[in-house]
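Colleague: Please take a close look at one part of this model for me. I would like to understand its salt bridges.

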Amino acid sequence: MNRDLATYYEQRAKEYERVYAKPERKEDLKRSTMILQELLANKTVLEIACGTGYWTEKIAQTATSILATDVGKKVLEVARAKKISTKKVTFLLSDLFELNFKNEYESLFGGFIWSHILLQNIQDLLKKVNELVLPGGTVVFMDNNFVQGSSRPISQTDKVGNTYQTRKLENG
């Protein structure tokens with residue numbers, strides 16, 4: 001992962017989940033929770049880029065177990081503070097590209113990471129996912145769409161087509 005991006009999320013850890021409090025997202029979050037809980041019910045799940053554990057907490061209600069990974073120490077501290085069932089959830093500080101499991105998980109979940117992968121690295125991501133999940137396993141990526149008036153505007157598009165937003169932390 002880009003070091004600047006990782007640093008940004010480390011600094012944003014305590015304010016990250018405020019994005020889920022937007023009233024216009026309430027119904028989508030409720031529906032997304034139901035879909036994820038159904039898709040990942042009774043499965044061993046590898047969660048990549050778990051962040052603050054918002055989705056980990058929801059998925060843990062129906063999954064058999066979750067290994068929730070992230071590159072950020074501070075976001076994992078926020079996730080661990082939620083006291084999500086330690087019988088079901090283990091947190092691991094790791095970059096997803098450095099995980100070296102071989103087909104150990106029935107499912108993989110990546111919430112809001114797809115948009116953080118450069119377009120030129122998507123094939124590497126998919127190759128890695130195929131190494132981590134059992135053949136025939138369930139892979140779920142979830143990300144948001146740009147919504148006028150709710151999302152931050154795109155501030156830059158590079159020559160490959162990657163798009164970027166400029167964001168400011170609450171402390172400036």
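**Salt bridges**

Modeller: The count comes to 2 salt bridges, where a salt bridge is a side-chain nitrogen of Lys or Arg within 4 Å of a carboxyl oxygen of Asp or Glu. This is a predicted model: local features need pLDDT of at least 70, side-chain atom pairs count only at pLDDT 80 or more, and totals for chains, interfaces and linings use all residues. Residues are numbered from 1 along each chain as its sequence is written, and side-chain values use heavy atoms, with hydrogens and water left out.

Start with Lys 102 and Glu 131. Their closest N and O atoms are 3.6 Å apart. This pair links distant parts of the chain, 29 residues apart. Lys 102 sits in the loop between strand S3 (89-93) and strand S4 (105-111). Glu 131 belongs to helix H5 (residues 122-132). Helices (H or I, at least four residues) and strands (E, at least two) are DSSP runs, numbered from the N terminus.

Now turn to Lys 128. Its side chain meets that of Glu 131 in a salt bridge, at 3.5 Å from N to O. Both residues lie in helix H5, 3 residues apart, about one turn of the helix. Shared partners join Lys 102, Lys 128 and Glu 131 into one network.

How open is each residue? Buried means under 20% relative accessible area, exposed over 50%, and partly exposed in between (1.4 Å probe, protein chains only). Lys 102 is exposed, at 54%. Glu 131 is partly exposed, at 22%. Lys 128 is buried, at 9%.
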